[in-house]
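Please look over the sequence and the structure first.

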Amino acid sequence: MLLMGEDIGTLGGVFRVTEGLKAEFGEKRVLDTPLAESGIVGSAIGLAMRGYRPVCEIQFDGFIFPGFDQITSQLAKLTYRHEGSASFPVVIRVPYGGHIGAVEHHQESPEAYFAHTPGLRVVSPATSNDAYWMIQQAIASNDPVLFFEPKARYWQKGEVADDGVPTPLHHSRVVRTGTQVTLVGHGAMVAQLLQAAEVAASEGTSVEVIDLRSLAPIDYAPLVESVQKTGRLVVAQEAPGNVSVGSEVAATVAERAFYSLEAPVLRVSGFDTPFPPAKLEGVYLPDVDRILEAVDRALAY
């Protein structure tokens with residue numbers, strides 16, 4: 001196994017996630033690469049062919065697109081092309097999402113591009129415990145994994161059960177039980193949903209919250225079971241709503257739990273525009289008020 005990416009060695013990464021690893025493991029296992037995402041991913045594919053397990057870091061979400069061809073045209077297809085006789089265990093870490101007061105290319109949520117691509121696994125932790133376990137599970141996987149890390153959660157503290165039994169990598173999880181409305185999200189949005197649930201509870205509304213955790217594949221069983229109980233579903237995400245993970249969740253739950261729904265599935269998302277200047281991120285990104293507005297609309301049917 002080795003790590004590779006821009007500024008991940010001596011600097012320890014823009015967000016200091018890899019701080020100290022170069023000193024511990026050496027420059028042959030923690031590599032500072034040129035500013036060339038296509039070269040990072042292409043090199044990782046070659047390393048995987050030779051038996052390595054490379055973990056790449058893309059410095060910011062919006063910088064992943066120079067490597068998009070290598071990820072979607074090559075990495076995603078190679079195991080299938082070899083009829084399963086070869087595996088390509090590449091993990092690509094992607095800091096993504098807003099709430100850090102940055103500009104375009106630094107606060108985007110491009111996860112749907114990769115969740116749409118067969119051959120890639122796509123996951124996103126929302127808690128410290130999940131981040132601890134899921135990165136290990138991703139590295140242990142023999143398939144390529146896009147590991148989307150919500151930047152807004154980097155500075156949040158949480159309990160880590162390092163001697164516990166982790167939730168399987170591609171399982172969604174109910175993180176708050178309720179009876180009237182189901183809220184679903186992933187990454188940094190889960191914290192917003194939990195805040196909305198607290199406010200709703202203070203107003204007499206019981207809300208269930210589900211953390212998707214995995215975006216490809218998506219574990220729909222807890223979602224369908226929840227909607228069969230509550231009759232209402234609100235899906236929230238930071239990414240634009242058009243042709244998104246939220247769109248897929250809404251369509252699939254409507255198919256599988258149609259006769260349980262008491263209201264249309266509602267979506268709360270970023271707007272279908274490029275990410276705005278930093279001073280407008282509070283308008284662009286879904287917040288508790290927008291989530292609660294959707295809850296009220298769902299209950300009004």
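Two residues are in contact when heavy atoms of theirs lie within 4.5 Å. Among the contacts in this protein between residues at least 6 apart in sequence, 79% join residues at least 24 apart. The model is a predicted one.

## Overall form

The protein has 11 helices and 12 strands. Its radius of gyration is 19 Å, close to the 19 Å that the globule rule gives for 301 residues, so the protein is as compact as a globular protein of that length. Along the principal axes, the C-alpha atoms fill a box of roughly 60 × 45 × 40 Å.

Of the 301 residues, 51% are buried. The accessible surface comes to about 13700 Å², and carbon and sulfur atoms account for 53% of this area.

## Charges and salt bridges

The whole structure holds 10 salt bridges.

One of them joins Asp32 and Lys22, whose closest N and O atoms are 4.0 Å apart. Asp32 belongs to strand S2 (residues 30-32) and Lys22 to helix H1 (residues 21-25), so this pair ties together parts that are 10 residues apart in sequence. Both partners are partly exposed: Asp32 has a relative accessibility of 37%, and Lys22 has a relative accessible area of 24%.

## Buried pairs

Lys151 and Asp61 form a salt bridge with an N to O distance of 2.6 Å. This pair links distant parts of the chain, 90 residues apart. Lys151 sits in the loop between strand S6 (145-150) and strand S7 (173-176), while Asp61 sits in the loop between strand S3 (54-57) and helix H3 (68-75). Lys151 is buried at 0% relative accessible area, and Asp61 is likewise buried at 0%.

Asp130 and Arg213 make another salt bridge, with the closest N and O atoms 2.9 Å apart. Asp130 is in helix H6 (residues 128-140) and Arg213 in the loop between strand S9 (207-211) and strand S10 (214-216), 83 residues apart. Asp130 and Arg213 are both buried. Elsewhere, salt bridges with shared partners join Glu57, Arg93 and Glu149 into one network.

## Helix H8 and its surroundings

Helix H8 spans residues 221-230, and its buried residues are Pro222, Leu223, Val224, Ser226, Val227 and Thr230. An α-helix has 3.6 residues a turn, so residues three or four places apart point the same way. The buried residues of H8 pack against strand S8 (181-185), S9, strand S11 (233-240) and helix H9 (245-256).

Just after H8, Gly231 has a positive phi of about 80°. Pro217 lies in the loop between S10 and H8, and the peptide bond from Ala216 to Pro217 is cis, with omega near 0°.

## Backbone exceptions

Most residues other than glycine have a negative phi, and most peptide bonds are trans. Which residues other than glycine have a positive phi near 65°? Arg16 is one of them, with phi near 65°, and Arg213 is another, also with phi near 65°.

Arg16 is in the loop between strand S1 (2-5) and H1, where Arg16 is partly exposed at 39% relative accessible area. Arg213, in the loop between S9 and S10, is buried at 1%. Arg213 is also a partner in the salt bridge with Asp130.

Note on methods: Residues are numbered from 1 along each chain as its sequence is written. This is a predicted model: local features need pLDDT of at least 70, side-chain atom pairs count only at pLDDT 80 or more; totals for chains, interfaces and linings use all residues. Side-chain values use heavy atoms; hydrogens and water are left out. Helices (H or I, at least four residues) and strands (E, at least two) are DSSP runs, numbered from the N terminus. The radius of gyration is taken over C-alpha atoms; the globule rule is 2.2 Å times the number of residues to the power 0.38. Buried means under 20% relative accessible area, exposed over 50%, partly exposed in between (1.4 Å probe, protein chains only). Accessible areas come from the Shrake-Rupley method with a 1.4 Å probe; for residues, only the protein chains shown count as cover. A salt bridge is a side-chain nitrogen of Lys or Arg within 4 Å of a carboxyl oxygen of Asp or Glu.
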